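Take a look at the model below.

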Amino acid sequence: MIIFIYLIESIQQVFHFIREELGHDTLLQLYADMILLLGRNKRIDMAEELFSEALEKGLKPDTRLCSEMIGAYLQLGMADKAMQIYASMIGLLLLLPPISSLSPYRSDIYKHDLVETLKQDCLH
């Protein structure tokens, strides 16, 4: 466990170092990659912090960034929070993410109303 924590901390240090050097498009991808990593390791507090930081920096969230945050929430069974991000995607007029991009979380999604909401939004 100590090695795992050290690894996450090392990755964060690299993230903080290189994010200042990258352009807008690459920076957004870097945030999405970090949120994916943190979500898979059930570090939702850190993933939420990075998501908020990206927004505070004025980066316009894209479907990938939002999908990674939705996936992080679904990893922990936080369907309500996932629905909030999905609703914000609609509010920001982002294109709907392909349902296949959420496929790793399909078993969790079927337990919640997210599938029904996605179907309704795609059909209308």
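Is arginine 64 buried, partly exposed or exposed? Arginine 64 is partly exposed, because its relative accessible area is 30%. The cut-offs are simple: buried means under 20% relative accessible area, exposed means over 50%, and partly exposed lies in between, with a 1.4 Å probe and protein chains only. The model is predicted, so local features need pLDDT of at least 70 and side-chain atom pairs count only at pLDDT 80 or more, while totals for chains, interfaces and linings use all residues. Residues are numbered from 1 along each chain as its sequence is written, and side-chain values use heavy atoms, with hydrogens and water left out.

Now step back to the whole protein. It has 7 helices and 0 strands. From the N terminus on, the elements run α-α-α-α-α-α-α. Helices here are DSSP runs of H or I with at least four residues, strands are runs of E with at least two, and both are numbered from the N terminus. Of the 124 residues, 37% are buried. Look next at contacts, meaning heavy atoms within 4.5 Å. Among contacts with a separation of 6 or more, 61% are between residues 24 or more positions apart. The protein exposes about 7,500 Å², and carbon and sulfur atoms supply 57% of that area. Accessible areas come from the Shrake-Rupley method with a 1.4 Å probe; for residues, only the protein chains shown count as cover.

Next comes the interior. In soluble globular proteins, nonpolar side chains tend to be buried together. A nonpolar core is a set of buried Ala, Val, Leu, Ile, Met, Phe, Trp, Tyr and Cys residues joined through side-chain atoms within 4.5 Å. The largest one here has 29 residues. Tyr31, Leu65 and Met69 have the most contacts inside it. Helices H1 (2-19), H2 (24-40), H3 (44-56), H4 (63-75) and H5 (79-91) each supply at least two residues of this core. H2 gives the most, with 8 residues.

Turn to H4. This helix is mostly covered, with 10 of its 13 residues buried. Among them are Leu65, Cys66, Met69, Ile70 and Tyr73. The end C-alpha atoms of H4 are 18 Å apart, which agrees with the 18 Å that its 13 residues should span at 1.5 Å a residue. That expected span is 1.5 Å times one less than the number of residues. Glutamine 75 is also found in H4. Glutamine 75 is partly exposed, with a relative accessible area of 29%. After H4 comes glycine 77, whose phi is positive, near 70°.

H3 has its own covered residues. Ile44, Met46, Ala47, Leu50, Phe51, Glu53 and Ala54 are buried. Glycine 58 follows H3 and has a positive phi, near 90°.

Charged pairs complete the picture. The structure holds 3 salt bridges. A salt bridge is a side-chain nitrogen of Lys or Arg within 4 Å of a carboxyl oxygen of Asp or Glu. One joins glutamate 48 and lysine 81, at 3.7 Å from N to O. Glutamate 48 lies in H3 and lysine 81 in H5, so this pair ties together parts that are 33 residues apart in sequence.

Arginine 64 now returns. Aspartate 33 forms a salt bridge with arginine 64, and their closest N and O atoms are 2.4 Å apart. This pair links distant parts of the chain, with aspartate 33 in H2 and arginine 64 in H4, 31 residues apart. Aspartate 33 is partly exposed, at 38% relative accessible area. Glutamate 68 also forms a salt bridge with arginine 64, with the closest N and O atoms 3.2 Å apart. Those two are about one helical turn apart, because they are separated by 4 residues in H4. Glutamate 68 counts as buried, at 12% relative accessibility. Through shared partners, salt bridges join Asp33, Arg64 and Glu68 into one network.
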